[in-house]
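Reader: I would like to go through this model by question and answer. Please give the cut-offs as the terms come up.

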Amino acid sequence: MNVFTLITLLLVGASLLAYLNTRFLKLPDAIGVMVLSLLFSLAMLGLNAIAPSLLEQVRQGVGQIDFGEVLFDVMLSFLLFAGAFHTDAARLRVERRSVMLFAFVGVLLSTFFVGTGLYYIGNGLGFELPYLLCLLFGALISPTDPIAVLGILAKFRLPESVKINIVGESLFNDGVGVVVFATIYEMVVGGTDTVTLGHISLTFLEEAGGGVLFGLALGYLLYWLLRSINHYQTEVLLTVAGVMGGYLLAQQLHISGPLAMVVAGLLVGDKARQDAMSHQTEEYVDKFWELIDSILNALLFVLIGLELLVIPFGNGPWTIYLLVILLVLLSRYLAILIPFTLARRWLDLDANAPLMLTWGGLRGGLSVAMALSIPESIPQKAFIVTITYVVVLFSVIGQGLTMERLIRRLYPTSD
């Protein structure tokens, strides 16, 4: 199949699943689409005994899709910019201390806890897992994705501080997670003999710091361009060009494109809305990015569901899958609780926040894409990809579908 055929089939499939969810299941958009996509994949696997050739054709079609390339090079820049553009930047400024604390310190702590725990669990069960590879898994599974839970949060009167922390932290920890993953990835592939602690620290600072500074520059450039004209068609086009061109340039400069998109999106969504856009332009730009966000998220969760057809489960050790799910949840809770406890006096969060942020911190396509990007030369790649996929499935479906019950329990007056 050529590229156009693949895109067409994915769009048709995503729209059909979105319709079925809206018409019948009535689940939150991302969760419903992913559930239906998984059911389709399971149905195809069930047809293996009847029509193995049909299953093989579908597998080949899905196998042609480079999930990592599609997400990293196409979807991620748009999704992060759109998410940041629609975030309440004024409220985020109020919660900036907790958001930055959880996004930076939380990701590092989670990476360490998950990596160390997996090392002892895996080797205790007879798997030969190098510690650096376990840390790599910790880095790729630590970033959270708010998309699946936003529809649920919108239905309840949760404290605004909790809502903005879930959304804001996930925007920034995506970028931080990618930087941490890339740093450890270099150590795994290049070997520890060729990578020093100073090199790691410098790489992290260049990627993260460079991404933030570049995002500020890009955001102010877009602000100036939008302010100098009043033509909504051109202004929508400028935002698209800024995202695509800015992300491409960030990659060429070897700085964090995800962090750059978050910072630029926040700046344009706040400052440009107030001073650079007419009411008509603001409405069109807002609706355009809302639509882009919806389409790409539908496609993303369809792709996650379809990956079931090509993930190498085999006769997997289900005991370790369950243990890894529990490990990731516990690590997430500790990574939130420790900085929350140490900085409690400076944070505007209630005592239920750590549990809410833990259960609301869903994993998504970014984790799967990073796992798939691990080179085939790593013998344990199939295992890492499989446990990543299992955690993501539990996260989106298990946590996502029980979110309402938890909210009602923690915040009884939220309805």
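Reader: Is S161 buried or exposed, and what is its relative accessible area?

Author: This is a predicted model, in which local features need pLDDT of at least 70 and side-chain atom pairs count only at pLDDT 80 or more, while totals for chains, interfaces and linings use all residues. Residues are numbered from 1 along each chain as its sequence is written, and side-chain values use heavy atoms, with hydrogens and water left out. Buried means under 20% relative accessible area, exposed over 50%, and partly exposed in between (1.4 Å probe, protein chains only). S161 is therefore buried, with a relative accessible area of 7%.

Reader: Which backbone oxygen does the side chain of S161 reach?

Author: S161 sits in helix 9, residues 160–190; helices are DSSP runs of H or I with at least four residues, and strands are runs of E with at least two, numbered from the N terminus. Not counting residues up to four places away in sequence, S161 touches R91, E95, D348 and L349, where contact means heavy atoms within 4.5 Å. At 3.1 Å, its side chain reaches the backbone oxygen of D348.

Reader: How far is the C-alpha atom of V62 from that of L303?

Author: V62 belongs to helix 3 (residues 52–63), and its relative accessibility of 7% makes it count as buried. Leaving aside neighbours within four places in sequence, V62 is in contact with L306, E307, L309 and V310. V62 and L303 are 241 residues apart along the chain, and their C-alpha atoms are separated by 8.4 Å.

Reader: What is phi of K26, and where is K26 placed?

Author: K26 lies in the loop between helix 1 (3–25) and helix 2 (29–46). K26 counts as exposed, at 60% relative accessibility. Although K26 is not a glycine, its phi is positive, at about 60°.

Reader: In which loop is H254 found?

Author: H254 is a residue other than glycine with a positive phi near 60°. Its relative accessibility is 59%, so H254 counts as exposed. The loop is the one between helix 11 (232–253) and helix 12 (257–275).

Key
Polar contact = N/O pair within 3.5 Å; in protein donor to acceptor, adjacent residues only side chain to side chain.
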